[in-house]
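Here's a quick briefing to read alongside the model. Have the viewer open and follow along.

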Amino acid sequence: MKFLDLAKVYIRSGGGGNGAVSFRREKYIEYGGPNGGDGGKGGDVIAEAVEGLNTLIDYRYQQHFFAKNGVQGAGQNRTGKDGEDIILKVPVGTEILDEDEETVIADLTEVGQRVTIASGGNGGWGNLHFKSSTNQAPRRANPGQPGIERTIWLRLKLIADAGLLGLPNAGKSTFLAATSNARPKIADYPFTTLHPNLGVVGIDGTEFVIADIPGLIAGAHEGKGIGDRFLGHVERCSVLLHLVDGTSEDIAGDYRTIIRELEEYGGDLAAKPRVTALNKIDALDEEEREAAYKTLRDAAGGDVMSLSGVTGEGVQDVLRALRSVIDGPAEEEREGEWHP
């Protein structure tokens, strides 16, 4: 299944049915009163987060969604049938944006969460509502209200416990393949990963979800390279794993490039907990490892880790470090609970 995380959709809710003008027509009753029914309400356009979806690819092939109109009222005080709603089923983690692509209408982060994004028009009143002491036979009824027509954007932000960051070819996909059941495309050239990948990682009897996004380059927050929206996929993560290529000629520069992009992206992305690790140490001898490690540690201004996604060296320690950060809030909550 192809991955799509941004889709433009045109929606329209249903218009309300018109009210009816009608009078009683019964034997032996010469002047029957008004009995026109109300029009039915138009259908709503609703977005719902469902299980089993992890892409918006369906909305590439169908972009127009129109709810049904309400039915006109009828005589004998019969109200018209309401128009049927239309439901847009989206993956958990989908944001619904206005046409400007900035205003967030809703953020669906839980299975079953629903939001009405266009309400149907109300049905018009039948002439029964307009009867008065001075007007016993009104020939007036209200038209139904029109539906709402608008353009929206659906933007998917993957929900994962940990997110992988790094420049292209930093070894993120190799790490994900070595630690999970995910099988991303791996090759020795930049931008091998063109779409985000999710993998379930197991460590010490527990599991968590890790997301690998395409490699970032300088200016990614402005849309350069593959696009700034990939940074959105790690916004919801509890911890970030920043992998730095140990074979790079400018390890400190590579590290600072990613940090700068996180800061320029905005929000709280740069403030998220991070585990920084020197990757591809299998390609370095002892002296080169020590020099590369010291360079990265000085650039990060704190402790860093070392690993090799190819040989597995240091991988378990990195996973435990990620797990400890993910469990941190839960552990604090448990410690704060009172037990009799």
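**Sheets, strands and surface**

This predicted model has an open sheet of three strands, ordered β4-β2-β7 with mixed pairing (strands pair if DSSP finds at least two bridges between them). β4 (86-91) and β7 (114-118) sit at the edges with a single partner strand each, so one side of each has no neighbour in the sheet. From one strand to the next, the twist averages 30 degrees (axes are lines fitted to C-alpha atoms, and angles run from 0 to 180 degrees between N-to-C directions).

Ground rules:
- Residues are numbered from 1 along each chain as its sequence is written, and side-chain values use heavy atoms, leaving out hydrogens and water.
- Because the model is predicted, local features need pLDDT of at least 70 and side-chain atom pairs count only at pLDDT 80 or more, while totals for chains, interfaces and linings use all residues.

- β2 (residues 45-50) runs antiparallel to β7, joined by four bridges.
- E48 has R114 in β7 as its bridge partner.

Around β1:
- Strand β1 (residues 6-12) covers one face, with A7, V9 and I11, and leaves L6, K8, Y10 and R12 on the uncovered one.
- In a regular strand, side chains alternate between the two faces of the sheet.
- β1 pairs antiparallel with β8 (residues 149-156) over seven bridges, and K8 stands opposite W153 in β8.
- β1 also runs parallel to β3 (residues 64-66), with three bridges; Y10 is partnered with H64 there.

Whole protein:
- There are five helices and 14 strands (DSSP runs: H or I of at least four residues, E of at least two).
- Of the 340 residues, 46% count as buried, meaning under 20% relative accessible area with a 1.4 Å probe, protein chains only.

Conventions. Buried < 20%, exposed > 50% of the residue type's maximum accessible area, 1.4 Å probe, protein only.
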